[in-house]
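Q: I would like to learn how to read a few local features in a model. Can you take me through them one at a time?

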Amino acid sequence: MSEGIVQISRRAVDRLGQGHLWIYKSDIERLESVSGGEVVKVVDGRGWFVGRAFYSQVSQITLRMLTREDEPVDRDFFARRIEAALQLRRELYPGGVEALRLIHSEGDYLPGLVADRYADVLVVQTLSQGAERQKELFLELLTERVQPRAIVLRNDAKVRSHEGLVLERKVVKGQIAGPVPYRVGTVGMLADPLDGQKTGAFLDQRENHAAVAAYVKPGMDCLDCFTYTGGFALQMARAGGRVIGVDISEPALKEAREAATRNAITAEWVEANCFDWLKERSLEGEAFDLIVLDPPAFAKKKDKLEGAIRGYKEINLRALQLLRPGGILVSCSCSYHLSEQALLDLILSASLDTGRRVQLLEKRGAGRDHPVLLGVPETQYLKTLVFRRVS
């Protein structure tokens with residue numbers, strides 16, 4: 001069978017030259033013997049070799065580049081890529097951790113493939129036609145190297161619908177009897193690979209949970225808004241803070257309460273809309289020494305950005321009203337379309353509106369197990385900024 005060929009525009013060639021891995025439908029000039037999900041040869045307008053890529057016949061992202069070298073993309077190719085990603089984690093965490101991201105899609109030069117490990121359970125996502133077509137090979141290679149007790153496919157991410165793929169979640173190896181216990185530092189947590197958010201938990205904030213807890217001194221009044229299952233709150237309480245965790249989801253708070261009980265941690269859990277709760281407390285003049293804002297993505301699409309900015313400013317303004325002088329504000333956004341600079345600008349605006357001046361202490365992102373590939377800004381989506389109120 002002949003190799004499929006895709007000819008791309010000059011603009012697309014330049015885009016690749018700047019380090020990106022995606023080529024959009026509008027930059028496709030010619031298709032020859034291609035089918036959805038296959039690895040194709042990419043050429044420029046002169047027919048010269050540019051690289052090899054996953055091809056999607058449905059998505060606006062038509063090509064996801066795999067290599068710029070004229071090399072076979074076969075079992076050995078993917079084995080090398082997967083081993084390189086796993087070796088990076090071994091080097092980053094030589095003592096080992098119980099939960100982490102093993103494969104970070106484009107960030108590890110494996111477009112569309114995500115693999116997270118919770119203790120001895122592996123959770124895998126194939127988010128593009130190309131990754132889906134290689135699914136069985138990926139599962140085989142990961143099983144050989146990770147040797148998990150069970151493997152869950154969490155292919156229910158909405159992005160798969162843009163690739164014309166069915167949404168599904170299922171156990172493909174072993175058995176899952178319920179949530180999987182794992183530890184983050186000294187705090188025991190639970191991940192639900194089948195029914196939890198994302199692949200079972202928010203692993204991208206894992207390192208930030210511990211980093212923020214380092215600001216806590218015994219007896220500090222701490223607030224964790226959008227706490228979900230208590231990632232920040234439990235760590236702050238373990239550090240000695242008097243913690244309130246607020247979330248609108250009762251099932252999530254139930255998990256947080258259970259985690260607190262298992263860890264012999266004392267915290268208060270409040271089921272409420274965080275916007276309303278923050279407004280009420282600010283009007284009542286309540287005060288905290290450390291406040292965490294970790295909301296869900298307010299801007300999942302670019303056309304939602306204007307409303308998202310208003311939402312982010314509102315919660316940050318209320319938090320600043322509740323923050324004592326010298327207190328710490330941790331403001332997060334997982335909205336890719338809201339840039340770090342835009343987040344900084346709206347917090348400055350909230351600071352000026354409230355008369356609370358702040359210092360920026362840290363800029364953090366997703367954990368080291370979520371590497372950012374330069375040239376692909378989409379791999380850098382999480383912003384976690386740490387401020388101190390000066391006056």
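Q: Leaving aside neighbours within four places in sequence, which residues is Val166 in contact with?

A: Some ground rules come first. This is a predicted model: local features need pLDDT of at least 70, side-chain atom pairs count only at pLDDT 80 or more, and totals for chains, interfaces and linings use all residues. Residues are numbered from 1 along each chain as its sequence is written, and side-chain values use heavy atoms, with hydrogens and water left out. Contact means heavy atoms within 4.5 Å. With neighbours within four places set aside, Val166 touches Asn155 and Arg160.

Q: Where does Val166 lie?

A: Helices (H or I, at least four residues) and strands (E, at least two) are DSSP runs, numbered from the N terminus. Val166 sits in the loop between strand S10 (150-155) and strand S11 (168-173). Its C-alpha atom is 7.9 Å from that of Asp156, ten residues apart along the chain.

Q: Is Val166 buried or exposed?

A: Relative accessible area decides: buried is under 20%, exposed is over 50%, and partly exposed is in between (1.4 Å probe, protein chains only). Val166 has 56%, so it is exposed. Strand S4 (residues 39-43) is mostly covered, with four of its five residues buried.

Q: Which strands do bridges join to S4?

A: Strands of a sheet pair through backbone hydrogen bonds, either parallel or antiparallel. Here, two strands pair if DSSP finds at least two bridges between them. Strand S1 (residues 5-8) runs parallel to S4, joined by three bridges. Gln7 has Val43 in S4 as its bridge partner. Strand S5 (residues 49-55) runs antiparallel to S4, with five bridges. There, Lys41 is partnered by Arg52 in S5. The S4 and S5 hairpin has five residues between the strands, and Gly47 takes a positive phi near 85 degrees.

Q: What is the order of the seven strands in the open sheet?

A: The order is S16-S15-S14-S17-S18-S20-S19, with mixed pairing. Strand S16 (268-271) and strand S19 (358-364) are the edges, each pairing on one side only. The twist averages 15 degrees from one strand to the next. Four bridges join strand S15 (residues 242-247) to S16, and the two run parallel. Asp247 has Glu271 in S16 as its bridge partner.

Q: Which strands does helix H6 lie across?

A: Axes are lines fitted to C-alpha atoms, for helices over the stretch in contact; angles run from 0 to 180 degrees between N-to-C directions. Helix H6 (residues 231-238) lies across strand S14 (221-225), S15, S16, strand S17 (288-293) and strand S18 (323-333). H6 runs at about 165 degrees to S14. Helix H10 (residues 340-354) also packs on the sheet, touching S18, S19 and strand S20 (383-389). The direction of H10 makes about 25 degrees with that of S20.
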